[in-house]
Amino acid sequence: MPTPSLAALPIRRLTPRDLTACADLSEDRGWPREEHKWQFLLTAGKGYGIDDPTGGLVSACVVTDYGPRDRPDLGAIGMVLVAERHARQGVGRRLMRHVVSVMGTTPLTLHATPNGQALYEELGFKVIGRAEMLRGHFRADTSGPSVATRAATAEDLNAIVRLDEEVFGTDRTHIITRLPAFTDRLRVAEKNGRIIGYAGAWPNMDTQVVGPLIARDTETAKALIASLAAHTDRPLRTDIDVRHEELLNWAKEHGLASVAFNSVMTYGISELPGDWTRRFAPVTVAAG
């Protein structure tokens with residue numbers, strides 16, 4: 001039988017059962033398999049993909065909704081991948097158009113690599129900022145942190161959810177409640193018995209990714225990063241909003257080096273909701 005054209009292959013919803021196929025697709029494009037992250041995204045978000053008649057996936061992406069289930073305030077798009085053998089044939093454009101159509105009037109955001117930015121601009125996304133990826137072994141200060149931190153407990157979750165919604169600008173309960181299982185470490189910063197920041201570190205291949213990172217101010221963000229670094233021998237990786245220059249400079253002084261820049265883009269809104277001054281790093285760039 002003749003092989004169907006790429007344009008005729010249906011787009012379907014992915015499920016956690018597609019984890020291996022998604023990881024295979026990442027590997028096909030030279031990315032790490034990132035099965036832990038794929039599992040999180042396919043469970044917390046909505047995956048879309050195109051099956052390859054010869055096996056595996058032609059293309060895939062994940063959308064993570066935030067806010068009310070029936071009328072989301074925001075959708076974050078990530079992990080947009082096309083198999084190497086099908087690259088540069090319009091597959092990614094078709095999948096993205098489908099996602100934009102399915103999301104209707106819901107505002108969208110994504111982190112674009114330099115290679116992908118032109119496609120997203122063609123679809124109507126606008127650059128509103130940048131994030132800098134850092135990676136390296138953290139070198140601790142000899143002096144202790146100026147802000148107290150501790151391991152988060154189950155009793156902290158409600159306070160973390162409230163703080164996160166205030167800073168992020170919409171409800172992320174379905175993400176926050178998954179963090180204890182997703183992260184290796186989840187820590188909070190406190191002052192006078194009140195939580196003023198929180199951060200997680202989760203495993204991604206040979207690194208520990210710091211994210212999310214929500215903090216009252218830069219000193220609190222520093223203390224949370226240092227406390228997470230103290231509990232791992234792995235290199236840290238994180239993606240910090242470039243407007244947080246003081247934190248970026250501090251992280252570089254403590255052993256992390258710049259790896260890449262991504263453009264933060266939106267569709268349907270000119271700015272992200274919430275308070276960027278307290279939002280330092282995403283859970284993962286794939287989920288905003």
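For these notes I take buried to mean under 20% relative accessible area, and exposed to mean over 50%. I keep in mind that this is a predicted model.

**Entry 1: helix H5**

I began with H5, residues 157–168. Which residues of H5 are buried? I listed Leu157, Ile160, Val161, Leu163, Asp164, Val167 and Phe168. An α-helix has 3.6 residues a turn, so residues three or four places apart point the same way.

Next I checked the length of H5. Its 12 residues should span 16 Å at 1.5 Å a residue. The C-alpha atoms at its ends are 16 Å apart, so the two values agree. Glycine 169 follows H5, and its phi is positive, near 95 degrees.

**Entry 2: valine 167**

I stayed in H5 for valine 167. Its relative accessibility is 0%, so valine 167 counts as buried. What does valine 167 contact, leaving aside its neighbours within four places in sequence? I found Ile214, Pro273, Gly274, Asp275, Arg278 and Arg279. I also looked up tryptophan 276, which is 109 residues from valine 167 along the chain. The C-alpha atoms of valine 167 and tryptophan 276 are separated by 7.3 Å.

I turned to H1, residues 19–28, and H2, residues 35–44. Their axes come within 10 Å and cross at roughly 130 degrees. Angles from 65 to 115 degrees count as roughly perpendicular and those over 145 as roughly antiparallel. H1 and H2 are therefore oblique to each other. The crossing is right-handed. H1 brings Leu19, Cys22, Ala23 and Ser26 to the contact. H2 brings Glu35, Trp38, Gln39 and Leu42. I sorted these residues into five nonpolar, two polar and one charged.

Where is glutamate 34? I found it in the loop between H1 and H2. Glutamate 34 is buried, with a relative accessible area of 5%. Its phi is near 50 degrees, a positive value in a residue other than glycine. Most residues other than glycine have a negative phi.

Aspartate 18 sits in the loop between strand E1 (11–14) and H1. Is aspartate 18 buried or exposed? It is buried, because its relative accessible area is 11%, under the 20% cut-off. Beyond its neighbours within four places in sequence, aspartate 18 is in contact with Arg12 and Leu42. Leu42 is also one of the H2 residues in the contact with H1.

**Entry 3: H3 with H4**

H3 covers residues 91–103 and H4 covers residues 114–122. At what angle do their axes cross? I read roughly 50 degrees, with the axes coming within 11 Å. That makes H3 oblique to H4. This crossing is right-handed. On the H3 side I noted Gly92, Arg93, Met96 and Arg97. On the H4 side I noted Leu119, Tyr120 and Glu122. The contact residues divide into three nonpolar, one polar and three charged.

**Entry 4: H8 with H9**

H8 (residues 218–229) packs against H9 (residues 245–253) at an angle of about 30 degrees. The axes are 10 Å apart. H8 passes H9 in a right-handed crossing. The H8 residues in contact are Thr218, Glu219, Ala221, Lys222, Ile225 and Ala226. The H9 residues are Glu246, Leu247 and Trp250. I counted five nonpolar, one polar and three charged.

I looked up asparagine 192 in the loop between strand E8 (185–191) and E9. Its relative accessibility is 77%, so asparagine 192 counts as exposed. Its phi is positive, near 55 degrees, and the residue is not glycine.

Arginine 194 lies in strand E9, residues 194–204. It is exposed, with a relative accessible area of 54%. How far is arginine 194 from aspartate 239 in space? I read 26 Å, C-alpha to C-alpha, for two residues 45 apart in sequence.

Last, I checked proline 212 in strand E10, residues 207–215. A cis peptide bond joins glycine 211 and proline 212, with omega about 0 degrees. Most peptide bonds are trans.

Notes:
Residues numbered from 1 in each chain as written. Predicted model: local features only at pLDDT ≥ 70, side-chain atom pairs only at ≥ 80, totals over all residues. Heavy atoms only, no water. Axes fitted to C-alpha atoms, helices over the stretch in contact; angles between N-to-C directions. Helix = DSSP H or I, 4+ residues; strand = E, 2+ residues; numbered from the N terminus. Parallel < 35°, antiparallel > 145°, perpendicular 65-115°, else oblique. Left-handed = near helix turned anticlockwise from the far one by under 90°. Contact = heavy atoms within 4.5 Å. Nonpolar A, V, L, I, M, F, W, Y, C, P; charged D, E, K, R; others polar. Expected span 1.5 Å × (residues − 1). Buried < 20%, exposed > 50% of the residue type's maximum accessible area, 1.4 Å probe, protein only.
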